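Take a look at the structure below. The paragraphs after it lead you from single contacts to the wider picture.

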Number of protein chains: 2
Amino acid sequence: MRIVLIGSGNVATHLADAFFERGVQIVQVYSRTVDNARALAQSVGASFTNKLEDILPDADFYIFSVKDDALAEIISQMPATNGVWAHTAGSVPVSVFEGFCDNFGVLYPLQTFSKNRKLNFAEIPVFVEANNAETLRKIGDLATMISRKVQPLSGERRRYLHLAAVFGCNFVNHLYALAAEILEDEQITFDALKPLITETAAKVMELSPHDAQTGPAVRFDEKVIQKHIDMLKDPKTKQIYRLLSEQIYEKHHNPQKTDS
Amino acid sequence: MRIVLIGSGNVATHLADAFFERGVQIVQVYSRTVDNARALAQSVGASFTNKLEDILPDADFYIFSVKDDALAEIISQMPATNGVWAHTAGSVPVSVFEGFCDNFGVLYPLQTFSKNRKLNFAEIPVFVEANNAETLRKIGDLATMISRKVQPLSGERRRYLHLAAVFGCNFVNHLYALAAEILEDEQITFDALKPLITETAAKVMELSPHDAQTGPAVRFDEKVIQKHIDMLKDPKTKQIYRLLSEQIYEKHHNPQKTDS
C-alpha cells in the first residue's frame, strides 16, 4: 500500500503518523510550502514536493487534507494518476473529484487535531464514502488499518455531522477560552475550572445533554443572569450569554420546539 | 458535628451524600416541599420539616442550598439559632446573612450536580469565605471533611468564577444539546460525537483553549461557515453560530483584544 499525502496541516500530520505507526507507507508528501512538506515527509520517511506536477503517478491512494477553500483548485491542477483519490473534509461533497479521476471518495476522521497533541487514532471514528462499491471497500480497508471505528456515511449526512462537530468541539472550545479570559482578569487559575470541564463532558457520555443541564439559565435565575450580563465587558460576549441563556430556558420549558 | 441542610435540590443532595459518606451527621433537612425534605432526610437518616420555624436551634452548621432568588427570603424567616450559617451559591455575597446571625459564610462547590449522577466529592474544588477568621476556619474544616480541594476565595472573585463556570459548563452543555439535535434530525447517533467531546475537554487540561482551537472559524473557511449557517433552521442558532465564529476569528487574528 503506497500513499501520497496532499497537505501538511493538523489532519495530514495526524494521518501520516497513524499510517506510519501501522506500517502503511507514505511515499510522498505535497505541500504548497516546501518546508512544511519536507518536515512532515521526513518524519515518516517519504519524499516531498511543492509542485503538483511532480506528484508520483503510481500510488494506491492520494489523500487530500487541505483547507476546504483550496481543495477544488488543487484537484483541478493534479496530474493524471492511478489509484484512489480521497479527501478528509466534513463539508465537501465527494463530487468535487468528478471529471478528474475515476475512483474517488472520502475518509473523514471526526476529531480535533492539533500538531502538538498525541492521539490514539484507533479510537477516532472515521466516516467513508466513495463513487463506487469497489472504491468504498478500498477506502474502508485503508481506514480500518488505522481506526477501529470505520463506517460509511453519505455526504449529505456527513455535512450535518461536521456541523454538529463545530458546535460540540470548536464552539465548546471557544467557550472554554471565554471562561479562561474571565478567570485571567481576576487572577484565578484556569485549573479551578478543570474538574468542572471534565465532568461536563463526562456527564453526556451517560445522560443526554438535555437531562444534564444545570445552572442559572435552566433554573431561570433572572437576577444571576442579569448580574452576569452586567459583569461582561464585550458586547458580543454579552449577546452570546443572552442568546444561550434564552435558548436553554426555552428548550426546558417548551420542549417540543426544535432549535437546530 | 451536626448539620442542618436547608434545601433539597441537586447541590443539597450531593452535599448530603458527601457528608453522610464521611460520617458527618445531617440532623435535619428543610425543604418548602415536604416530600422532597422527607426523601432526602430519609436517605441520610435525618429528621425533616417544611416549616422554617421548626428548624433545630442547636446544630453546628446551617447549610443553605436553595435557588439564589429564594435565599434572602428564607434567611429573613429563619428562627434564631446557634452555629454557623453558610450558603453554597456562586453569585450571592456573604453579606446576605448580615443582621440575621453572628457567624456566617460561604461553602461553594464548583461542579455540575445532577441527582442521578454519582460524583467523587473529594475531587471537587470548594471555595470558602466567612465574616470572621474563626468562622472561616470552621467552614474550611467542614469542607475539608468532604473535599481535598478547599480554598478561600472572596465573594468578588467567586462571582467571576461562577460566571466562568456558566460558560465552561452550562453553555458548553447547551452546545452539546444543539449538536445532539442536529444529529437527531439526520438520524445519526450522538455516540458518533462522543470521542470528539471527550478529546475537546481533555485537550484543555494540557493546552490553553486558545492554542487548542481548530475548525472552520479559526481557519476562516468562509464557504463552510456560510453553508453551515444556511443549514441551520432556528434564527437564534444561526445567530449563535455567527457570533461564536466571528469571535473565534477575531481572537486568533487580533490577539490583543480582550473579549470577556
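A:E199 forms a salt bridge with B:R117, and their closest N and O atoms are 2.7 Å apart. A salt bridge here is a side-chain nitrogen of Lys or Arg within 4 Å of a carboxyl oxygen of Asp or Glu. A:E199 sits in helix α6 of chain A, while B:R117 sits in the loop between β6 (104–109) and β7 (125–130) of chain B, so the pair joins two chains. Helices (H or I, at least four residues) and strands (E, at least two) are DSSP runs, numbered from the N terminus. Both A:E199 and B:R117 are buried. Buried means under 20% relative accessible area, exposed means over 50%, and partly exposed lies in between (1.4 Å probe, protein chains only).

The model is predicted: local features need pLDDT of at least 70, side-chain atom pairs count only at pLDDT 80 or more, and totals for chains, interfaces and linings use all residues. Residues are numbered from 1 along each chain as its sequence is written, chains are lettered from A and ligands numbered from 1 in the order in which they are written, and side-chain values use heavy atoms, with hydrogens and water left out.

Other salt bridges follow. A:K236 meets B:E250 at 2.6 Å, N to O. A:K236 lies in helix α10 of chain A and B:E250 in helix α10 (residues 235–253) of chain B, so this pair joins two chains. B:E250 is partly exposed, at 23% relative accessible area. The side chains of A:K251 and B:E181 also form a salt bridge (2.7 Å, N to O). A:R117, B:E199 and B:E206 are linked in a network of salt bridges. Within chain B, B:R219 and B:D221 meet at 3.3 Å, N to O. B:R219 is partly exposed at 35% relative accessibility, whereas B:D221 is buried at 0%.

How many salt bridges are there over all chains? The count comes to 34. Between chain A and chain B it is 10.

Now the interface as a whole. Contact means heavy atoms within 4.5 Å. By that rule, chain A gives 101 residues and chain B gives 101 residues. The area buried between the two chains is about 10,100 Å², and carbon and sulfur atoms give 62% of it. Buried area is the accessible area (1.4 Å probe) that two parts lose on being put together, summed over both.

Polar contacts cross the interface too. There are 43 residue pairs of this kind, with both residues at pLDDT 80 or more. A polar contact is a pair of N or O atoms within 3.5 Å; within protein, one must be able to donate a hydrogen and the other to accept it, and residues adjacent in sequence count only if both atoms are side-chain atoms. On the side of chain A that touches chain B, the largest share, 27 residues, comes from α5(A).

Aromatic rings make the last stop. The structure holds 20 aromatic pairs over all chains. Rings of Phe, Tyr and Trp (its six-membered ring) pair if their centres lie within 6.5 Å; planes under 30 degrees apart count as stacked, over 60 as edge-to-face and the rest as tilted. A:F113 and A:F121 are stacked, at 6.0 Å centre to centre and 20° between the planes. A:F113 is buried at 4% relative accessibility, and A:F121 is buried at 7%. In chain B, B:F113 and B:F121 are stacked, with 6.0 Å between centres and 20° between planes.
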